[in-house]
Amino acid sequence: VVYEQEGVFIHSSCGKNDDQDSLIAGILRVIEKENEVVVDWRPLDETLDTSNILCAGKDSSSVVEWTQTPKEKCSRGADRPSSYEAEWDMVTTVSFKKKPHSNGDATTHSNGESKWSFLFSLTDLKSIKQNKEGMGWSYLVFCLKDDVKLPALHFHHGDSKPLIKCLEKHVVLNESPHDERVLLVKTQKSLSQSFENLFDEPSYGLLQKWKKDPYIVTMGKFSKVTNYIVGSLRSSDPSNQRRPPSEMADFLNDTIPGLKIKQQEEPGFEVITRIDLGKQPEVSRREPVSAEEWAKNMDSEGRILDVDYIKRLIFKGGLCHTLRKEAWKFLLGYFPWNSSKEERANLQKRKTDEYFRMKLQWKSVSEEQEKRNSRLRDYRSLIEKDVNRTDRTNKFYEGEDNPGLILLHDILMTYCMYDFDLGYVQGMSDLLSPVLYVMENEVDAFWCFVSYMDQMHQNFEEQMQGMKTQLIQLSHLLRLLDSGFCSYLESQDSGYLYFCFRWLLIRFKREFSFQDILRLWEVMWTELPCQNFHLLLCCAILESEKQQIMDKHYGFNEILKHINELSMKIDVEDILCKAEAISMQMMNCKELPQTVSEILGMENSSVTPDSDTGEDESGAELSCPTSLYQSISTPVIAANGTRDGAQQVAETQSLTPA
């Protein structure tokens, strides 16, 4: 409970008389839950039947009445729960019946009593109307989305300002240009909201939540998904439990404009290109690059002697931790590969001055100024929320008033000054956290983060162009590798690979342990052995799980739940080996489709056009960096067979490029 005020009254007579019987005394509370903040008002009457509490539904469409099931009535009776927690827990056990409600109209039940209690989530709040009564006290009227108004709350024993101040910690309130008495809840940009566990709500709201903000839904805690999710994404008609493929495609297209998915309903008429990818080689990895190996590859002035060689070493084995602080600056582009030690020192000096100039910009903003800068307030609010829940189990960030948390906050605020158009979007703290952990320096961490965000920028833009492109590219790659698996996913309404969204958005940050993500990222930053290697990592993970998904006939939400539960269970070295093997398999293919070749950045004079029959007329070899595997002491062992589903590529079912 972050706010509590007694002596908050509802005037059931709606101001028609001053009879004491028309006043309903109550307690107003603001409760901060793990996944949301709720406002709760209830009468002081201890005999209140909690089955009749008015609650703002998660779908914001109306005020709804809690109606207990017969079983619950028997077990609970009409007694009020002894604590707020017990009452709040009813949300997941009651059945909801929509009930229109307007300000001043009592809800009358069979016993003739009027029940006025209500609670609602701040996510459903649209505006607050405030005023001063002639008698001296203030009152507030909460207006929910869809213009549902709750009864006016009269503060007889105190002011309403502390409540407003409390709410402003969780939502942005702006004065209406049309009425100074009205405070409007600012609507956040879709990518600039808190990660909420949206699966703790009735299924009728989930579909709209996904369509409104797939980022938030995807970043939510998928581990709590249960069977009712299917109900929100498929037809409620028991005789037609599977939504038509075309309808699912339309649904995703609405969610992510430009994500076109072709669902083939008559596979017998597909135009099929048969491509033999050949044997998938078996690869192994080497030990991390040591400080001695790094030093041997530097001249007397501190220049890297053979950049390609050192990148290959890092790709095959990663870095020992003592090297990361220096090597990551090269890998991320903060330090030029051909720079000398003196040039890097001068660069750091210039960048330090530039950083603190930008930091001073937001540090020097007064409270009065910030009141007139809603975007800065929004950014600060989001950053403060996210910083307090980013990698808190890591010793670098654990505990209260941790210096690491302060640096995380300051760097993200300064980035808002560096790129004010993008500002801060949920997920960016996940990308900064490992960088700051390695750098242990505010300035270096900031500029490395800037370089990383240059790569990831499109992932966080409001139009989601980066995410659209990657999902489409991933579909092309997966279909080439295993068209049978793709067809199975499509049959379960999962062909658009929604479950990979979080992987791509923050580069597997929540799928691997903290130490494993350091290894994975530094390998990806080498940009070897091809473009978009992270998409091949997705393919490698899916290939590892394919058998279980298909053998156990997983459906829509079983796939979602299974993929989410892989978090922290994936062996990073094993997946890196598999992804590298897939890249080699594709590099050695003489009939690689043009689309795949472009995705991986491979030059190939004999690539097969997407509409071709698959015949290789020229017979030319694919040009690929075979030196990657020849110049490192780790041997490459011969392969152990072909992939069952890699023989067919149903081009008519593939995703259309954005």
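1. Axes here are lines fitted to C-alpha atoms, for helices over the stretch in contact, and angles run from 0 to 180 degrees between N-to-C directions. Helices (H or I, at least four residues) and strands (E, at least two) are DSSP runs, numbered from the N terminus. The model is predicted, so local features need pLDDT of at least 70 and side-chain atom pairs count only at pLDDT 80 or more, while totals for chains, interfaces and linings use all residues. Residues are numbered from 1 along each chain as its sequence is written, and side-chain values use heavy atoms, with hydrogens and water left out.

2. Helix α11 (residues 341-363) and α14 have axes that come within 8 Å and cross at roughly 95°. The two are therefore roughly perpendicular to each other (65 to 115 degrees; under 35 counts as roughly parallel, over 145 as roughly antiparallel, and the rest as oblique). On the α11 side, the contact (heavy atoms within 4.5 Å) is made by Tyr355, Met358, Lys359, Gln361, Trp362 and Lys363. On the α14 side, His409, Asp410, Ile411, Met413, Thr414, Met417 and Tyr418 take part. By class, the contact of α11 with α14 has seven nonpolar, three polar and three charged residues. Ala, Val, Leu, Ile, Met, Phe, Trp, Tyr, Cys and Pro count as nonpolar, Asp, Glu, Lys and Arg as charged, and the others, Gly among them, as polar.

3. Aspartate 401 lies in the loop between α13 (374-387) and α14 (403-418). Phi of this aspartate 401 is near 50°, a positive value in a residue other than glycine. Most residues other than glycine have a negative phi, and most peptide bonds are trans.

4. Helix α10 (residues 321-331) packs on helix α15 (residues 428-439) at an angle of about 115°, with the axes 9 Å apart. That makes α10 roughly perpendicular to α15. The crossing of α10 past α15 is left-handed (the near helix is turned anticlockwise from the far one by less than a right angle; clockwise is right-handed). His321, Arg324, Lys325, Trp328 and Lys329 of α10 meet Pro434, Val435, Tyr437, Val438 and Met439 of α15. The residues of this contact divide into six nonpolar, one polar and three charged.

5. Helix α18 (residues 483-491) and helix α21 (residues 533-551) have axes that come within 11 Å and cross at roughly 55°. That makes α18 oblique to α21. The crossing of α18 past α21 is left-handed. Gly484, Phe485 and Tyr488 of α18 meet Leu542, Lys546, Ile549 and Met550 of α21. The contact of α18 with α21 has five nonpolar residues, one polar and one charged.

6. In the loop between α20 (514-524) and α21 lies proline 529; the peptide bond from leucine 528 to proline 529 is cis, with omega near -5°. A kink of about 45° in α21 is centred on glutamate 545, the bend at a residue being the angle between axes fitted to the seven residues ending there and the seven starting there. Histidine 553, with a positive phi near 55°, follows α21.
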